[in-house]
Amino acid sequence: MSFLPYAVAAWIVVIGLYGVVTSRNLVHLVTCLAVVQSASYLVLLSIGYKKDAVAPIFDTVRVGTRAVDPVVQALTLADVVVGVTVTALLLSLAVQAHKRYGTLDPEKLRPGSRRG
Amino acid sequence: MTPKVRRYVFLVAGAGLFIYLIWGFSGLPDFGHYVGPYGDVLNKIAVPERSNTDIVTAVNFDYRAIDTLGEEFILFAAVVGVASLLRTLHDESSRDPHDDAPGRRVPETSLAIRVAGLGLVAPTVLVGIYVVLHGHQTPGGGFQGGVILATALLLTYLSADYMTMRRVGPTELIEAAEGAGAVGFVLIGLAGLIFGTTFFENVLGKGTPGQLDSAGLIPFSNVAVGLAVTGGFAFMLSEFLLQTLVRRGTSGGRKREGP
Amino acid sequence: MAAVATAVALTRDPLRQAMVASLYGLVLGVLFFAFEAPDVALSQTAVGAVALPLMVLLALAKVKAMETEDEAEERGE
Amino acid sequence: MGDLAPLAIAVPMTTAALLVGTSWLIPRRVVDVASLAAASASAVLCAFLLHEASKGRIVYWFGGWEPRHGVAIGVSFTIDQLSASLGLFCALLFVTAFVFSWRYFVVVGPLFHALMLVFLAGMLGFGYTGDLFNLFVFFELMSVAAYALVAYDIEEEGPLQGALNFAVTNTIGAFFILIGIALLYGRTGALNMAQIGATLAGHSPDGLVIVSFTLIAVGFLVKAAVVPFHFWLADAYSVAPTPVCLLLSAAMSELGLYALARVYWTVFSGVLDPGDPGLQAVLVGVGTLTALLGGAMCFGQRHLKRMLAFATVSHVGLFLIGLGLFDAAGLAGTALFVVADGCVKAALFVSVGVIQHLRENVDELRLRGRGRELKLTGPLFAICALGVASLPPFGPFFGKTLVESAATDAGLWWVSIVFLLSSALTGGALLRAAGRVFLGLGPVRDPLAGDEPSPDETDPELDYRHDRVPRTMTVPALALAVAGLGLSLVPGIGHRAERAAAQFVDRSAYAASVLHGATGAPPVQVATHSVDAMGVAVGVGSVLVAVALAGAALLRGRLRGSALVSVEDAAGAFLGRLRALHSGLVADYVAWLTVGTALLAALFAATLST
């Protein structure tokens with residue numbers, strides 16, 4: 001049981017990459033990439049988690065109470081924002097690709113096949 | 001590679017990757033039994049030294065503020081990137097906003113829903129501002145509040161129409177907010193350098209933990225980041241919206257491609 | 001968790017995928033609350049369950065609009 | 001003086017934000033001047049930092065949060081001679097890129113300049129930081145700015161595809177780095193590189209350490225474009241605007257390798273022994289593969305920017321061999337090689353930009369003879385091509401020969417052959433292009449360079465004809481060429497590089513100055529390598545082979561009927577098959593990335609675990 005979150009994270013990485021590799025639609029591909037990234041949130045937070053501990057916020061609890069690791073949370077917070085910005089950039093690339101070539105299928109976007 | 005070959009190749013390599021990741025993760029301490037010096041030290045010292053009760057915020061805006069600065073500019077770069085990517089091509093003309101953009105079924109929105117939606121905007125904005133301002137005490141801060149505020153702008157759109165949104169948040173203003181937030185955060189860093197000794201050093205009184213005016217510069221950082229995040233997200237979302245209103249002119253578009 | 005993520009990756013239709021992804025974002029947010037990470041949970045919910053799927057939907061709306069227009073053009077010409 | 005460290009990144013960041021925030025107020029020229037001024041200011045700051053760092057390692061704690069009892073609670077910039085030099089190099093490249101873009105774009109808003117400035121800030125932060133997560137943040141900053149810059153020319157055909165492939169593969173690379181960092185944090189509870197290194201040191205490597213090293217290495221190797229993670233590079237470079245190409249090729253790939261070296265020496269060198277033959281074999285092997293494959297692909301291109309892109313790949317392979325020797329001498333040679341080669345390649349990119357500016361084309365075969373009037377660019381291009389072919393005593397030769405002698409000392413004499421082949425192939429391809437474009441030599445068709453229609457025949461950047469080359473383009477090209485070729489002539493440069501490298505690889509001194517405030521002056525006494533007869537022979541040899549290859553390709557019409565034809569047919573078929581692998585499909589690239597990760601993982605697992 002204690003290993004479950006990490007196994008889930010590893011699974012998410014692989015299944016997300018599988019989605020990317022088999023994708024026939026750029027928007028789909030970008031969402032799959034976001035899934036891959038979400039695995040890192042899970043790993044980071046799982047690492048910092050402690051049993052029977054409170055959140056690292058001491059407005060109502062006393063300082064010195066056993067609390068989970070705040071650093072991983074700060075890192076995850078940064079990671080979430082980074083992830084969403086990259087996703088937004090990729091989505092706008094996909095929209096532009098569609099605007100230009102009329103398709104979201106990467107197979108049809110490759111240099112050789114887009115003419116004619 | 002054909003799709004089929006690619007899939008098989010990936011399945012083999014992906015299985016390898018999975019096993020390898022598991023091998024790596026198995027070296028971690030058991031889930032729920034983490035002991036690391038960094039977080040524990042911060043949990044101990046942040047409240048007395050920084051008068052900041054939300055340690056995560058203290059980490060983001062003080063101990064590791066430079067990370068947040070970098071991240072702020074990642075957002076900034078993405079926003080500028082989206083702007084440069086989605087800038088209107090010469091052969092596109094903006095659709096008359098009162099025209100129905102195809103695929104958009106919003107115009108039938110009933111009055112009741114509009115009123116309800118607009119009614120939701122005010123509380124959402126208030127919540128967003130509250131979350132930004134109290135980031136140093138309770139969960140929340142510049143990012144979360146900023147995203148909430150940007151979503152409020154979107155709510156305006158969803159319940160009314162795009163023109164209202166343009167009135168609520170014209171693009172230049174959003175861009176200026178994003179720029180101002182980003183500059184503001186750098187200036188907070190510089191304040192430390194000018195009035196103190198190092199970049200991002202706190203130079204304000206720290207107040208009593210738990211009060212709104214505590215934690216020195218952290219609330220100001222929260223506001224700057226909140227501004228930048230609101231601006232950034234609102235810009236990206238409205239830019240995507242604008243896209244649905246732009247159409248290709250009859251002369252251009254993809255006919256340009258190919259020999 | 002793993003099941004929802006799998007569902008996101010394997011849903012081929014991007015529109016449906018956006019819905020599943022939104023659900024996934026929400027599930028993650030709830031999980032992070034359980035992990036005693038309210039800050040992250042808040043932003044994950046706002047970003048993963050709302051902002052991101054919204055952007056995907058808008059992108060798809062744009063694509064749809066262009067395709068409808070193309071068909072109209074083809075019929076017209 | 002160390003206080004200047006944050007300013008070096010704050011100045012470009014602030015300028016970028018101000019430019020965008022006030023975009024509707026200010027005219028184009030103000031944007032040009034302001035960004036050039038910001039980049040120059042950064043360069044001056046970097047020069048001060050280098051001066052300061054040569055006296056001792058600069059450790060700058062943001063917010064004044066100094067470590068307590070060896071536990072770092074804040075983030076530090078840790079600047080030694082090598083990172084300071086690299087920072088200065090990057091800042092100067094940006095100055096030349098801004099000068100070049102002065103007249104380059106017809107219409108350009110503040111967006112391009114803002115992205116460039118953020119890119120600069122990202123690079124500097126990436127080079128200076130002493131914290132692992134901060135490294136990741138600046139890595140992403142650099143990447144995001146680069147994605148947007150590559151796709152900047154949305155009016156044209158190629159960029160989207162190139163930018164998408166670039167962004168997707170590099171995002172996965174960044175993700176791997178983050179997982180690697182998370183693993184290390186889980187083990188050591190630290191993010192500061194010195195502290196992680198100190199905590200890990202002395203233990204024997206287990207699964208977690210090996211996996212996290214692999215993941216971090218893969219992430220940086222994706223950025224550096226090492227085979228088989230290199231596919232995105234040619235797609236991205238061939239479509240990016242020239243000023244961006246220059247930066248990507250001369251600085252960004254190299255920064256990927258720099259980060260690998262930095263993380264290895266500060267974090268892992270205490271647990272994965274630098275003397276470990278397995279570690280060395282894997283990196284040198286991968287580097288060799290990259291150098292040769294990149295060289296072959298470079299010879300098989302007719303699109304000049306793609307040609308330079310594969311030259312970059314090939315040279316990255318050589319750099320990786322230098323780093324993979326895991327000693328100070330190899331590192332010193334690599335550092336010099338990186339700077340010299342970066343400047344020369346940047347000069348070549350600028351020359352291609354000039355051709356493109358005038359002729360609206362970058363296809364070697366179509367440009368045949370159309371560069372005859374370029375009295376300055378032509379010779380410059382040819383001299384730089386000879387420099388790439390490692391003509392003694394110029395800069396690239398000097399760096400290469402130091403790496404070769406370090407490799408020979410380590411018992412890897414055959415590395416010289418790899419260097420010879422790689423230099424000959426890349427130099428030969430460039431000489432062939434120079435002969436065809438500037439002298440009109442050679443046939444109009446070339447099966448080696450591929451007969452299929454080149455995908456981007458239209459001008460990717462400008463839509464009208466210029467008949468004059470603005471000085472803002474020729475001056476940067478000249479300056480870069482002089483800097484790159486002349487680097488070896490700076491007195492004492494070799495010794496300086498070796499001192500810097502010796503400082504770089506000393507993990508315990510690094511940790512002492514970061515965690516306990518010890519002053520970290522670079523060592524004065526180091527073994528100095530110099531150019532030997534063997535090195536000169538290899539250099540001359542590779543120039544001769546390069547000239548022969550270029551000659552054979554250009555004169556092949558007259559060689560018909562000889563035995564060369566069958567050789568050529570075989571080579572053509574081989575190159576065709578290689579080109580087909582570079583399909584432009586992002587799904588293929590991600591599949592290759594996964595395969596590469598799994599293979600590298602298997603190799604490391606087999607060689608490192610005890």
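Student: How many salt bridges does the rule find across the interface of chain B and chain D?
Tutor: This is a predicted model, in which local features need pLDDT of at least 70, side-chain atom pairs count only at pLDDT 80 or more, and totals for chains, interfaces and linings use all residues. Residues are numbered from 1 along each chain as its sequence is written, chains are lettered from A and ligands numbered from 1 in the order in which they are written, and side-chain values use heavy atoms, with hydrogens and water left out. A salt bridge is a side-chain nitrogen of Lys or Arg within 4 Å of a carboxyl oxygen of Asp or Glu. Across the interface of chain B and chain D, the number of salt bridges found by the rule is 2.

Student: Which residue forms a salt bridge with Asp131(D)?
Tutor: The closest N and O atoms of the pair are 2.6 Å apart. The partner of Asp131(D) is Arg64(B).

Student: What area do chain B and chain D bury between them?
Tutor: Contact (heavy atoms within 4.5 Å) takes in 63 residues from chain B and 75 residues from chain D. Buried area is the accessible area (1.4 Å probe) that two parts lose on being put together, summed over both. Of this area, 73% is on carbon and sulfur atoms, and the total is about 5700 Å².

Student: Which residues of chain B lose the most area to chain D?
Tutor: Three residues together account for 11% of what the chain B side buries. They are Tyr20(B), Tyr38(B) and Ile66(B).

Student: Is α3(D) roughly parallel or roughly antiparallel to α13(D)?
Tutor: Helices (H or I, at least four residues) are DSSP runs, numbered from the N terminus. The axes, lines fitted to C-alpha atoms over the stretch in contact, with angles from 0 to 180 degrees between N-to-C directions, come within 12 Å for α3 (residues 81–101) and α13 (residues 328–359) of chain D and cross at roughly 5°. Angles under 35 degrees count as roughly parallel and over 145 as roughly antiparallel, with 65 to 115 roughly perpendicular and the rest oblique. Therefore α3(D) is, relative to α13(D), roughly parallel.

Student: Where is Pro228(D)?
Tutor: The peptide bond from Val227(D) to Pro228(D) is cis, with omega near 0°. Ala225(D), which has a positive phi of about 65° although it is not a glycine, is found in the loop between α8 and α9 of chain D. The place of Pro228(D) is the loop between α8 (207–224) and α9 (231–239) of chain D.

Technical notes: Helix = DSSP H or I, 4+ residues; strand = E, 2+ residues; numbered from the N terminus.
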